[in-house]
Amino acid sequence: MAADLVAVENRLWATADQLWANTGLKPSEFSTPVLGLIFLRYADKRFTDVQAVLTAKGLTPDDLEPFEYQAEGVMYLPDEARFSHLLTLTEGDNLGKAINNAMALVEAHNEDLKGVLPRSFNKLPNPTLVELLRLLAPLELEGDAFGKVYEYFLGNFAMKEGQKGGVFYTPTSIVRLIVEIIEPYHGRIFDPACGSGGMFVQSAEFVRRHHKNATSELTVFGTEKASDTVKLAKMNLAVHGLSGKIVEANSFYEDPHKSVERFDFVMANPPFNVSGVDKDRLKDDPRLPLGLPSTDNANYLWIQYFASALNAKGRAGFVMANSAGDARGSELEIRKKLIQSGAVDVIVSIGSNFFYTVTLPCTLWFLDMGKARDEKRRDQVLFLDARAVFRQVTRAVRDFTDEQVEYLANIVRLYRVEKPELDAGSKALLKDVFPKMRYADVAGLCKVATLEEIEAQGWSLNPGRYVGVGERAADEFDFEERLRELNEEFEVLAGEARTLELRIAENIAGIITHQ
């Protein structure tokens, strides 16, 4: 709800005020102590919820062993490591020492968190720590809470860091849509640009919503090049009871998980349009079976990293720049091969203002290696234009409601001839658009295109080329959004032009030399 987001922002702004006025921390450092305390609060809430379930079975808290909590997918917390215990302390106590001790106790009971949790609270004044605990106690956050808070502090106090190279936190509703479409019920999940681990968190929530234990059903593997973000991801996994491995590495050049054909699911939100990748280091990389793109743009490196990591039945869902769907030159050839392989399953257009620090729209790509063996669907791709589907949260931020996520995922389920899910209340909306509860093309919303139709469109994966125009609101056109889209396309084309200029100059020089 909009009010909820405003309340959360106000509370986080108040914590920043405390740190700004009463400590020597730089604004770019504000997130570290706040995230540490949110970690304890989040862990304590999950611990308390599970303890209530276990004691309802006739046990007392003193009877419960650490492994009983861990079996339920939560961390075991000794009394002195609980957020509720810290709230009982006063300015007369040494809060910095108490919080550092809580972090040490958590690490002692959770091997994967060794050296991950912040331990510098003794440098902050007692009154400031009391106020931080008070401010964060009522905070309610869902999904990837750590990523959300981290993005908030980047957006307000370290914007340049947050936007460098197209790096930004993936909103929960978009991650949920990705998860609902790839349906990770069981298996190995890989994210080579994992950030704070939000894709893993929502996968676990998906499994729990389907009445299974995520701890036993899923194993997650992530790669992230920023050490601080690796720590966030490990905190996220621990607090959600997920087992797996997060490695600090640069996915452009390193493959620490030996990913080729290893995973059941791949989910990612890679940085868009990255330039400067050293192609010479990638010439023999087995993760690039469709060829090395000649343009100075990493989008088609990422796309191949995702595709090559899937096993024979694997599915992938990832966020991609709109321009990638129509990219030309060597990227077009790679896209053509990928489409012809039968792996491209669904392409979804997402409108602007879903991301916290950037307004650009984006596209979601979905691959399904098992589809290549389905004679009926192999040479088809579902294009879905979801730009008109959103909830306006604040003036600058949009998201999807639970009903909208379920509705969009159900369109894909109908296309796959799967039973729709209706727990979030999407039945009326779905039946209004698909009265027979069977898939059908709908102008302006969805279209199943054949390989021949895609070839006729120059192998484009831009949904707007296929779904046509439906009934649109008169004010749907957003000049700023369209200008940004055109500028993004211009930058890609300009890069391709520079590459061609260099190649022509080299060829001419070669001809002159041999005259």
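**Helix packing and burial in the predicted model**

Helices α5 and α6 are oblique to each other, a class that holds the angles left over when those under 35 degrees count as roughly parallel, over 145 as roughly antiparallel and 65 to 115 as roughly perpendicular. The axes of α5 (residues 95-109) and α6 (residues 126-136) cross at roughly 55 degrees and come within 9 Å; these axes are lines fitted to C-alpha atoms over the stretch in contact, with angles from 0 to 180 degrees between N-to-C directions. In α5, Leu-95, Gly-96 and Ile-99 meet Asn-126, Leu-129, Val-130 and Leu-133 of α6, contact being heavy atoms within 4.5 Å. By class, five nonpolar, two polar and no charged residues take part, with Gly counted as polar.

The model is predicted, with local features requiring pLDDT of at least 70 and side-chain atom pairs pLDDT 80 or more, while totals for chains, interfaces and linings use all residues. Residues are numbered from 1 along each chain as its sequence is written, and side-chain values use heavy atoms, without hydrogens and water.

The protein has 19 helices and 11 strands, taken as DSSP runs (helices H or I, at least four residues; strands E, at least two). Of its 515 residues, 53% are buried, that is, under 20% relative accessible area with a 1.4 Å probe. Among contacts with a separation of 6 or more, 72% join residues 24 or more positions apart.

Helix α9 (residues 172-182) is largely enclosed by the rest of the structure, because 11 of its 11 residues are buried. Among them are Arg-176 and Glu-180. Just after α9, Glu-183 adopts a positive phi of about 55 degrees.

Methods
Buried < 20%, exposed > 50% of the residue type's maximum accessible area, 1.4 Å probe, protein only.
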